[in-house]
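Let's walk through this one together, a piece at a time.

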Amino acid sequence: MGITFYSLGAAEEVTGSKHVIEVDGASYLVDCGAFQGARAEADRKNRNFGIEPDRIEAAVLTHGHYDHCGLLPLLTKRGYRRNIFTTPATRDLANLIMMDSANIQSRDADYLCRQAQKRGEQFNWEPLFDEKDVIRATSQMVGISYKRPIFLGEGVELEFYDAGHILGSAMAYITVKKNGKKTRILCSGDLGRSNKPIINDPDISPPPDYVVLESTYGDRRHDSADDALKRLGEIAQRTVRNKGRIIIPAFAIERTQELVYYFHLLVDRGIIPEIPIYVDSPMATNATTIFQVHPECYDSDVYEAFIKHHKNPFGFNSLHFTTSVEESKALNKHPGPVIIISADGMCEAGRIQHHLINSIEDPNTTILTVGYMAQNTLGRRIRNKETDLKIHGQWFKRRAEVEELNAFSAHADYFEAGKWLDSLDRSGLKKVLLVHGEPKAQAAFKKYLEEKGYPTEIVQYGKTYNLD
């Protein structure tokens, strides 16, 4: 029985997850994400797919973040016609994410074409995919609930376990059965954290032989949720005193809903007054609706509040969702105090850039970063508190305060990931393969896991690993 593993993305880097498990020549794709970073590099990497679609027996999607699902429309555009297995909530969220990407690419193409025409230059850039490609990809998605085994191919079985990362996120537990032998491969996708609001804690899967494990925060510990809530309250109180604004670049899925939930708690407990809060992201608005129709993913507290007591944890009186470009622009003239939560989470696109342009030089503004910022992104430069920042081709002096709350991260840190590994039945564990992390974080995480007794290897791009 020949079983191999190799990675075509998120090997020694954080975004663009694309991993392949090959069984006797049949290829099974786990995730099909877009690389996120500097525009030219991202475009080059995303067009270089790395595998011919007709070689793929089945595709598996662990969750709906763009760096895991973003190239599925390109896969189907290039001829893939077989199933894409995922959870029902992920199917809904991925459709939203992919459609938003298609719209952004279309708008970018129009804008860049007009700019090239003004300069008298030739323009030949085309979007990776369009809305029709997204519809085709979504139509090929098959929703599978947690802990419901299904066969991907001959002797290859898939079972999803809750990853506790975002709504619908899953670990893919793949069992290869052949000639009386079983090989069990657990692909973590993005591993979440225990005791997070809204969604369940990460599941404990059956015993694995191999674990393909993300390592985003392999060298960092997160703050506790209680400390983060206290700090969030202090930042909001300061904003009220200064009649300023808080600008929060947040991913439209999970982080936005979680922030709303925490602000709701702060108001409920009388820690802060009701401050106008605007969610300025059409995708976040739609994602919040999707949250409301997937209670199967809630943890017990939210399930009790939302289902049994009919309390909406995603909305309260001071919360507003913008629905138009005009409303978004009007926020830049809104008197303080005000809180604006807007996408893109890494500040590389979307409405957040316009809010930064209008507020980044104001010392009464606080830019609050609450998630991972990839290398070479505007978000990383802001998080690093750089003074001179380029946005839309213009240079700005950052006078705004910058605060970071990493307790809101949806990724397990190295200690949490190690604790989760410890909870598994490791009697048959042969190796932990690290993906989805920057080299420095992965080196630290590898050292940490090896000190705990785990045989660990950092996956390199294109290198093949035998799983026999």
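The structure holds three aromatic pairs, where rings of Phe, Tyr and Trp (its six-membered ring) pair if their centres lie within 6.5 Å, with planes under 30 degrees apart called stacked, over 60 edge-to-face and the rest tilted. One of them joins Tyr161 and Tyr173, an edge-to-face pair with 6.1 Å from centre to centre and 80° between the planes. Since Tyr161 sits in strand S8 (residues 156–162) and Tyr173 in strand S9, this pair ties together parts that are 12 residues apart in sequence. Tyr161 and Tyr173 are both buried, meaning under 20% relative accessible area, with exposed being over 50% and partly exposed in between (1.4 Å probe, protein chains only). Tyr261 and Tyr262 also pair up: their ring centres are 6.3 Å apart and their planes stand at 75°, so this pair is edge-to-face. Tyr261 counts as buried because its relative accessibility is 17%, and Tyr262 counts as buried at 8%.

A word on the ground rules. This is a predicted model, so local features need pLDDT of at least 70 and side-chain atom pairs count only at pLDDT 80 or more, while totals for chains, interfaces and linings use all residues. Residues are numbered from 1 along each chain as its sequence is written, and side-chain values use heavy atoms, with hydrogens and water left out. Helices (H or I, at least four residues) and strands (E, at least two) are DSSP runs, numbered from the N terminus.

Now for the sheet that S8 and S9 belong to. It is an open, mixed sheet of seven strands in the order S7-S8-S9-S10-S11-S20-S21; two strands pair if DSSP finds at least two bridges between them. Strand S7 (150–153) and strand S21 (456–458) are the edges, each pairing on one side only. On average, neighbouring strands here are turned by 25° against each other, direction ignored. Further along, strand S11 (residues 210–214) and strand S20 (residues 431–435) run parallel and are joined by five bridges, with Val212 partnered by Leu433 of S20.

Two helices lie across this sheet. Helix H13 (residues 414–423) lies across S9, S10, S11 and S20, at about 160° to S11, and helix H14 (residues 439–451) lies across S11, S20 and S21, at about 170° to S21. Axes are lines fitted to C-alpha atoms, for helices over the stretch in contact, and angles run from 0 to 180 degrees between N-to-C directions.

Next, look at strand S13 (residues 277–280). Both of its faces are covered, with Ile277 and Val279 buried on one side and Tyr278 and Asp280 buried on the other. S13 pairs in the parallel sense with strand S14 (residues 319–321) over three bridges, and Tyr278 stands opposite His320 there. Strand S15 (residues 338–342) also runs parallel to S13, joined by four bridges, and Val279 faces Ile341 in S15.

Finally, find His68 in helix H2 (residues 66–69). At 1% relative accessibility, His68 counts as buried. Apart from neighbours within four places in sequence, His68 is in contact (heavy atoms within 4.5 Å) with Ser17, Asp31, Cys32, Gly33, Leu61, Thr62, His63, Gly189, Asp190 and His436.
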